[in-house]
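Let's walk through this one together, one feature at a time. Have the picture open and ask away.

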Amino acid sequence: MPLRFGADVSTAETDYGTVLLDERAGTYWELNPTATLVVRTLLDGGEEADAVAALVREFDVDETHALRDVEALVRQLRGSGLAS
């Protein structure tokens with residue numbers, strides 16, 4: 001399922017990934033380059049399988065590891081209330 005950030009979440013890409021600001025809580029989250037690729041893929045309408053394929057293509061990681069990472073990131077973002 002594609003990812004959407006809440007209206008109270010601001011994003012900024014940096015040289016080292018992406019920074020998320022949860023304006024409700026006043027907290028920052030820093031995403032590394034792999035998490036940035038996953039988030040960008042999902043925000044662009046891709047499915048989790050698309051994000052897994054992007055990780056496998058771009059980084060030296062096997063599909064099983066990539067799937068675990070994608071699922072964990074999405075679970076954290078949704079569980080924190082940053083994304084739906």
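Predicted model: local features only at pLDDT ≥ 70, side-chain atom pairs only at ≥ 80, totals over all residues.

Q: Which residues of H1 are buried?
A: Buried means under 20% relative accessible area, exposed means over 50%, and partly exposed is in between (1.4 Å probe, protein chains only). In H1, which spans residues 33-43, the buried ones are Ala-35, Thr-36, Leu-37, Val-38, Val-39, Thr-41 and Leu-42.

Q: What covers the buried residues of H1?
A: Look for contacts, meaning heavy atoms within 4.5 Å. The cover includes strands S1 (9-14), S2 (17-22) and S3 (27-31), plus helices H2 (48-58) and H3 (63-79).

Q: Why does Thr-36 count as buried?
A: Because its relative accessibility is 5%. Thr-36 sits in helix H1, and its side chain makes a polar contact with the side chain of Thr-18 at 3.0 Å. A polar contact is a pair of N or O atoms within 3.5 Å; within protein, one must be able to donate a hydrogen and the other to accept it, and residues adjacent in sequence count only if both atoms are side-chain atoms.

Q: Where does Thr-18 lie?
A: Thr-18 is in strand S2, and it counts as buried because its relative accessibility is 7%. Leaving out residues up to four places away in sequence, Thr-18 touches Thr-11, Ala-12, Glu-13, Trp-29, Glu-30, Leu-31 and Thr-36.

Q: How many bridges join S1 to S2?
A: Two strands pair if DSSP finds at least two bridges between them. Here 6 bridges join S1 to S2, which run antiparallel, and Glu-13 stands opposite Thr-18. S2 and S3 are antiparallel as well, over 5 bridges, with Thr-18 opposite Leu-31.

Q: Which residue takes a positive phi in the hairpin of S2 and S3?
A: That's Gly-26, with phi near 70°, in a hairpin that has 4 residues between the strands. The hairpin from S1 to S2 goes through 2 residues.

Q: Which residues of H3 are buried?
A: Ala-66, Val-70, Leu-73, Val-74 and Leu-77.

Q: Which residue caps the N-terminal end of H3?
A: Asp-62 does: one of its side-chain oxygens lies 3.0 Å from the backbone nitrogen of Thr-64. After H3 comes Gly-81, with a positive phi near 85°.

Q: Which residues have the most contacts inside the largest nonpolar core?
A: A nonpolar core is a set of buried Ala, Val, Leu, Ile, Met, Phe, Trp, Tyr and Cys residues joined through side-chain atoms within 4.5 Å. The largest has 21 residues, and Phe-5 and Leu-77 have the most contacts inside it. H1, H2 and H3 each supply at least two residues of this core.

Technical notes: Residues numbered from 1 in each chain as written. Heavy atoms only, no water.
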